[in-house]
Amino acid sequence: MKDREIDDILARAAKAPHDVDPALLDRVTESIGASLTPVRPLPAAWLLTTAFVLMCGSVAVVTASFLGLHGLENLGSLERAAIFSVLAILMVLMAAICASQMIPGSRWRTFPVVLPALGSVALLAVFGVLFHDYGTENFVAQGIVCLRAGLFTAIPAAVASWLLLRRGFVTGAASAGLIAGSLAGIAGITMLELHCANFELFHVMLWHTAVLPISGAAGALLATALRRFIRFS
Amino acid sequence: MARYQRGDFAAATAIVRSLSPQLHRFFMVQSAGRADADDLLQETWLRIHKVRHTYRAGEPVLPWLYAIARHIRVDHYRKTRRRTGREERMEGIPEVAAPAAEPSAAMDLEALLAPLPESQREVVEMLKVAGMTLEEVARATSSSVGSVKQKAHRAYEKLRGWLREG
């Protein structure tokens, strides 16, 4: 049996009239009519993307300014250009995916899990190329301070992203949470690169980069839990 | 759709009346009985009404609509499964039988697609019944065009075997 024959069978079955109870349609149109007011469509995707970038970028810069821009001051021009270019690209890409998550039926250019994974690899590669101090002085103690600072910076960025996401209609809670959490994680790493003057390779590679997957995973878990709570409450 | 967003009741009514049969059939094909499909349809339209601001003029309507319908169906399925799970644990309470699906024109299509797994069934329904393109189905199901093609191919393989045996 060829595909065309199956097509024909399906087409014949699909052509059969399918009626819906007119009373049901009346009820639906009545409910809609009772609360029908003009609505303003969501802004263009690039505007939503810009809003996500501005929110997360502002959180990173304001927090780093408050804590001190020691990292930025001690980085060379090449290091600054490389690190902040990668972070800016990741932030824009993640913000674009966040914006698409707000609109049901949006085109998916990439799966939400791919970008945080690629982002982590890109950051590890950039840090690996730029930093050559292999010391591990106070590795855990200093690392935990940085990880905590990065994650605390990610929290307001995630809350702001979630508030903006709520203006749309998210159909995939876990993927939206993952990408919003990852975007917030990028804000956390940006703050750390602006603030932290510890350029030991393993410190930066582990404790700074870890903010991204941890924030992403936390975002996915929280969004899933919230969705379940809403569904069953 | 743009007129509906501007608050035009006639446009809203026209959209509901023209798209309801295919949405209803979508729910029927996904193994829902007629009563469940009625509930899902009503819930979907109320949700569509609530989030109508998320539709963008110039974008295809069907992926937007089906993405919402799919979300409602998944929610409904999970709620039902949880409720059923609870009911099964309570011994001694007689189960209330679900109303049997009334014979309808969609039964043939439903029976035809019944042997397919849910994900393949929805892809075939969207492609061959709703007449959506691969790109539109990919948008509605939050997946890639390649994944949609693969599901459709596997569905056809299963249907071919099933039709040959039958």
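Colleague: A residue is buried if 20 or more other C-beta atoms lie within 10 Å of its own, exposed if 12 or fewer and partly exposed in between, with C-beta atoms placed from the backbone. What percentage of the residues of chain B count as buried?

Modeller: Of its 166 residues, 42% count as buried. This is a predicted model, in which local features need pLDDT of at least 70 and side-chain atom pairs count only at pLDDT 80 or more, while totals for chains, interfaces and linings use all residues. Residues are numbered from 1 along each chain as its sequence is written, and chains are lettered from A and ligands numbered from 1 in the order in which they are written.

Colleague: And how many helices and strands does chain B have?

Modeller: Chain B has eight helices and zero strands, taking helices (H or I, at least four residues) and strands (E, at least two) as DSSP runs numbered from the N terminus.

Colleague: How many residues of chain B are in contact with chain A?

Modeller: On the chain B side there are 51, in contact with 43 residues of chain A, where a contact means that the two C-beta atoms, placed from the backbone, lie within 7 Å.

Colleague: Which helix gives the most to that side of chain B?

Modeller: That is H4(B), with 10 residues. By class, the side of chain B that touches chain A has 24 nonpolar, 12 polar and 15 charged residues; here Ala, Val, Leu, Ile, Met, Phe, Trp, Tyr, Cys and Pro count as nonpolar, Asp, Glu, Lys and Arg as charged, and the others, Gly among them, as polar.

Colleague: Switching to the largest nonpolar core, how many residues does it have?

Modeller: It has 102 residues, and Leu183(A) is among those with the most contacts inside it; such a core is a set of buried Ala, Val, Leu, Ile, Met, Phe, Trp, Tyr and Cys residues joined through C-beta atoms within 7 Å. H8(A) gives the most to this core, with 13 residues.

Colleague: What does Leu183(A) contact, leaving aside its neighbours within four places in sequence?

Modeller: Its partners include Phe52(A), Cys56(A), Met94(A), Cys98(A) and Ser161(A).

Colleague: At what angle do H8(A) and H10(A) pack?

Modeller: Helix H8 (residues 173-195) and helix H10 (residues 211-232) of chain A pack at about 145°, with their axes 6 Å apart; axes are lines fitted to C-alpha atoms, for helices over the stretch in contact, and angles run from 0 to 180 degrees between N-to-C directions. Their contact has 16 nonpolar, nine polar and one charged residues.
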